[in-house]
Amino acid sequence: MRESSETRWQENRLLAALPEKERARLIPQLEILTLFAKETVYETNEEMNYVYFPLDCIVVLISSVESKATVEVGLIGKEGLVGAPILMGAKNSNSQALILTEGKALRLPAAIVKKEAKRSSRMREVILTYANALLAQSAQLAACHRYHTPQARLARVLLMIDDRLQTAERLHGELRITQDLLAHLLGTRRATVTQAVSQLQEEGLIASGRGRIRFLDRAGLERDACNCYGTIAHQYSTATHTEVRTATS
């Protein structure tokens, strides 16, 4: 059954931040899609013909120097969009955009995004403010992967994913993700991730099963995470004018 974008656009914070007049022009042209885990919306150097507004899926941007040497350079959920560099003149993606958790997204042709952004200064402001936060996230992650321990980085990425999970999913407190994929995100060996997962389990912060991680103590994860988590969360709360969800809020 084909769902309507007219009832789901409000789930994406960037679309919700647009003035009603600008949003009304976009809604009829939005296409709702189901995106599955491990599917890609862009490959590196692929032309970006569409922009994606996640609703309840999460997209991870992955950079690589070799086929097996990869690392996360961005994480995008309902707070943002995939394809923001289009407004800065980019035609091709400089990273792989991989679906991390299955869900819905709204898709809009890149040509329409550029046309409407030229027409509306507010739309340009909203998207470019978010794009700046995404660039800041990439810069922070570059330092994170270089200087912080695997355990601290694992806690950080789990918190970032948890922030972007929908409430219904979070009720179960469980994330479907393999340690192999976590190793790709963190740019490290599978054995290193296994050790970091074991350490977090021993502290009673998570429980790990076959391809699943259950969150047991979010406050404890925040204590174990590097300060990159707080820095990135603050950047996004500023860019999207939303409150940062923490254990003490």
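**Cavity and cysteines in a predicted model**

The structure, a predicted model, holds one cavity of 30 Å³ or more.

Biologist: Which helix gives the most to the lining of the largest cavity?

Modeller: The lining is made up of Leu14, Leu15, Leu18, Phe53, Met123, Val126 and Ile127. Two helices, α1 (13-17) and α4 (121-147), each supply at least two of the lining residues. With three residues, the one that gives the most is α4.

Biologist: Let's turn to the cysteines. How many disulfides are there?

Modeller: A disulfide is a covalent bond between the sulfur atoms of two cysteines. Here a pair counts if the sulfur atoms lie within 2.5 Å. By that rule, the count is zero.

Biologist: Which cysteine sulfur is nearest to that of cysteine 226?

Modeller: Cysteine 226 is buried, at a relative accessible area of 9%. It takes part in no disulfide, and the nearest cysteine sulfur, 3.6 Å away, belongs to cysteine 144.

Biologist: Is cysteine 228 buried or exposed?

Modeller: Cysteine 228 is in no disulfide either, with the sulfur of cysteine 144 the nearest at 3.9 Å. Buried means under 20% relative accessible area. Its relative accessibility is 1%, so cysteine 228 counts as buried.

Notes. Residues are numbered from 1 along each chain as its sequence is written. This is a predicted model: local features need pLDDT of at least 70, side-chain atom pairs count only at pLDDT 80 or more; totals for chains, interfaces and linings use all residues. Side-chain values use heavy atoms; hydrogens and water are left out. Buried means under 20% relative accessible area, exposed over 50%, partly exposed in between (1.4 Å probe, protein chains only). On a 1 Å grid over the protein atoms alone, a cavity is a set of points where a 1.4 Å probe fits but cannot get out, and a pocket is an open set with protein on both sides within 12 Å along at least five of seven lines; lining residues have an atom within 4 Å of a point. Grid points are joined across faces, edges and corners, and a volume is the space filled by probe spheres set on the points. Helices (H or I, at least four residues) and strands (E, at least two) are DSSP runs, numbered from the N terminus.
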